[in-house]
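My entries follow the order in which I checked them.

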Amino acid sequence: MGTRRKASIINSSSAIIGQFLSMVLSFISRTIFIRVLGEQYLGLNGLFTNLLNILSFAELGIGTAIVVSLYKPLNENNIGQVKALMLLYKKCYYAVAVMLVAGGSCVSIFLPKLIAGSYNVGNIYLAFGLYLLNSVLSYLWSYKRSILIANQEGYINSLNQLFFNVIMQVLQIVFLFMFKSYYIYLIIQASFTLLSNLQISRLANRHFSYLTDQVTEKVNPKTLKYLRKNIVGMIASKIGEVIVYGTDNLLLSSFLGLAAVGQYSNYTLIVNGVGSVINQGFSAVTASIGNLRVSGSQERQNEVFFQYSQLVSYVSFFISIAMALFFPSFIQFWVGKRFILSPTLSFLIVFNFFVSSLRYSNLNFMSAYGTYWEMRYKSILEALVNFVISIVLIKYTTWGISAVVIGTLLANLTINAWWEPLIIFQSALTASFKSYIRFYAINLVIGVTIIGIMQYAYQRVQLNLILSGIVCLMISCICLLIFHLITISFAFPKKYSYLSFASVLSKMFHDK
């Protein structure tokens with residue numbers, strides 16, 4: 001237990017620090033990018049990111065399934081099965097790389113039709129080719145990261161990524177100033193993706209020298225059966241993920257142009273960056289949840305779920321209200337006043353972030369309990385709702401960027417908010433599902449109401465960046481206290497014991 005907890009702390013800490021530093025560097029790099037190349041190139045970069053996210057559908061969640069399959073043979077030191085799984089992983093990822101090349105070549109033909117209005121961004125085919133090369137290289141040798149992660153040595157991968165990411169972004173900034181070339185920017189990106197993968201492959205071979213030996217076994221039939229079933233569930237999840245998070249910039253580019261993509265992507269960079277950091281912290285307890293599933297009583301599992309959900313709601317609310325208040329000051333300081341979106345659109349983005357963040361407790365429990373198969377229909381319906389609403393609103397209204405945000409928001413509220421916890425309560429927990437719906441609804445309504453009121457009241461305040469940051473932090477802390485008092489009085493089920501902030505962190509996953 002001690003070793004596992006120590007590894008979990010090391011891995012999660014290194015991942016959070018690495019993610020945070022990468023986010024800071026991304027802000028600096030994005031600032032230079034906008035000021036040197038302009039918002040159209042920024043929009044083009046966002047469009048390429050979405051297109052490659054859609055094309056990466058070919059990966060189908062294979063990596064996640066194989067990492068899970070590696071736990072048992074690594075624990076049992078079954079070298080033959082580890083080598084067989086790694087060979088399978090290698091073949092799958094090389095096939096994905098080939099599929100990406102083929103898919104990217106087909107998509108490139110239609111690039112001009114995916115950009116509305118006039119644009120002046122050089123040779124879009126060459127730029128897309130370089131962006132595609134980076135994505136293809138990300139699948140070569142990178143499969144060896146999985147064995148380090150499965151062996152609870154994910155910190156090695158985190159440090160490797162941080163090292164190469166820092167050097168890459170520094171060089172990108174320097175060369176942007178020197179040559180003002182988007183192509184050189186992309187060449188540096190692809191080069192460091194390759195170098196990072198080569199280095200992680202070398203490190204994996206050093207830690208597991210038998211990976212270079214000839215493979216003599218085939219993957220266990222039971223493991224193959226597990227992989228097939230769970231990959232089917234992951235395919236559906238991947239479809240949902242691709243359509244929900246991979247088409248926003250594509251729709252904006254097709255209907256509104258590259259400038260709209262550039263404006264929106266500044267906000268999504270912040271939201272996604274912050275989301276990635278807090279997700280590292282929340283997902284670090286997944287292994288503890290899995291252990292509780294095996295060793296804890298059913299009543300304890302029910303209690304932990306509600307305690308964990310409450311902790312998630314605190315963090316989600318605090319960050320959401322801080323972003324809602326601080327967005328205008330930060331965006332103006334960072335990239336200029338003309339990139340500030342309207343208060344209504346800013347509220348919708350934060351609202352969507354809050355709703356999405358509340359899902360972390362559900363998603364991590366589903367991951368710990370392995371409910372990929374049960375999620376297959378949910379993800380497809382989520383994708384359809386999101387895409388249909390987004391395209392109808394953006395085509396038949398004048399709401400612009402708000403249309404795609406509302407599409408994602410409504411998909412979260414009408415599908416994910418009840419379906420994901422329903423899977424958990426049907427597959428794992430014995431608590432009342434109605435008690436959770438009441439708990440969730442009160443947290444959501446109270447949180448969104450406070451965020452909306454405070455954003456409206458604060459938008460007339462004009463302060464410099466530092467003073468605004470201090471005031472926003474103070475207001476967020478006061479609002480969190482109010483949120484805590486209301487939700488703990490009316491939302492948290494009386495049947496289970498509520499823990500203070502400190503107790504949640506120290507006791508929530510302590511075996512009883």
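**Entry 1: a buried asparagine and its partner**

I count a residue as buried when its relative accessible area is under 20%. The model is a predicted one. I started with N412, which lies in helix α17, residues 401–427. Its relative accessible area is 1%, so N412 is buried.

What does the side chain of N412 make a polar contact with? I found the side chain of S356, at 3.1 Å. I then looked up S356 and found it in helix α14, residues 343–357. S356 has a relative accessible area of 18%, and because the cut-off is 20%, S356 counts as buried too.

I checked S356 for a backbone partner as well. A polar atom of its side chain lies 2.9 Å from the backbone oxygen of N352. My note for S356 therefore names two residues, N412 through its side chain and N352 through its backbone oxygen.

**Entry 2: from N352 to V271**

I followed N352 to V271. These two are 81 residues apart in sequence, yet their C-alpha atoms are 9.9 Å apart in space. V271 has its place in helix α11, residues 258–283. I noted V271 as buried, with a relative accessible area of 11%.

**Entry 3: helix α19 and its neighbours**

Next I looked at helix α19, residues 465–490, against helix α13, residues 298–334. Their axes come within 9 Å and cross at roughly 155 degrees. An angle over 145 degrees counts as roughly antiparallel, so α13 is roughly antiparallel to α19. I recorded the crossing of α13 and α19 as right-handed.

Which classes of residue make up the contact of α13 with α19? I noted 17 nonpolar, eight polar and no charged residues.

I repeated the check with helix α18, residues 433–458. The axes of α18 and α19 come within 10 Å and cross at roughly 150 degrees. That angle makes α18 roughly antiparallel to α19. The crossing of α18 and α19 is right-handed.

At 17% relative accessibility, I488 counts as buried. I488 and N443 are 45 residues apart in sequence and 9.5 Å apart in space, C-alpha to C-alpha.

**Entry 4: two loop residues with positive phi**

I turned to the loops. N77 sits in the loop between α3 (62–75) and α4 (79–108). Its phi is near 55 degrees, a positive value in a residue other than glycine. Is N77 buried or exposed? I found N77 exposed, with a relative accessible area of 58%.

K180 was my second case. I found K180 in the loop between α7 (154–179) and α8. K180 is not a glycine, but its phi is positive, about 50 degrees. At 53% relative accessibility, K180 counts as exposed, because the cut-off for exposed is over 50%.

**Entry 5: helix α8, start and length**

At the start of α8, I saw a side-chain oxygen of S181 reach to within 3.3 Å of the backbone nitrogen of Y183.

I then tested the length of α8, residues 182–207. At 1.5 Å a residue, its 26 residues should span 38 Å. The end C-alpha atoms of α8 are 38 Å apart, so the check agrees.

I ran the length check on helix α2, residues 39–55. Its 17 residues should span 24 Å at 1.5 Å a residue. The end C-alpha atoms of α2 are 24 Å apart, which agrees.

How many of the 17 residues of α2 are buried? I noted twelve, so α2 is largely enclosed by the rest of the structure. I wrote down the buried residues of α2: Y41, L42, G43, L44, N45, G46, L47, F48, N50, L51, L52 and L55.

Notes:
Residues numbered from 1 in each chain as written. Predicted model: local features only at pLDDT ≥ 70, side-chain atom pairs only at ≥ 80, totals over all residues. Heavy atoms only, no water. Helix = DSSP H or I, 4+ residues; strand = E, 2+ residues; numbered from the N terminus. Expected span 1.5 Å × (residues − 1). Polar contact = N/O pair within 3.5 Å; in protein donor to acceptor, adjacent residues only side chain to side chain. Axes fitted to C-alpha atoms, helices over the stretch in contact; angles between N-to-C directions. Parallel < 35°, antiparallel > 145°, perpendicular 65-115°, else oblique. Left-handed = near helix turned anticlockwise from the far one by under 90°. Nonpolar A, V, L, I, M, F, W, Y, C, P; charged D, E, K, R; others polar. Buried < 20%, exposed > 50% of the residue type's maximum accessible area, 1.4 Å probe, protein only.
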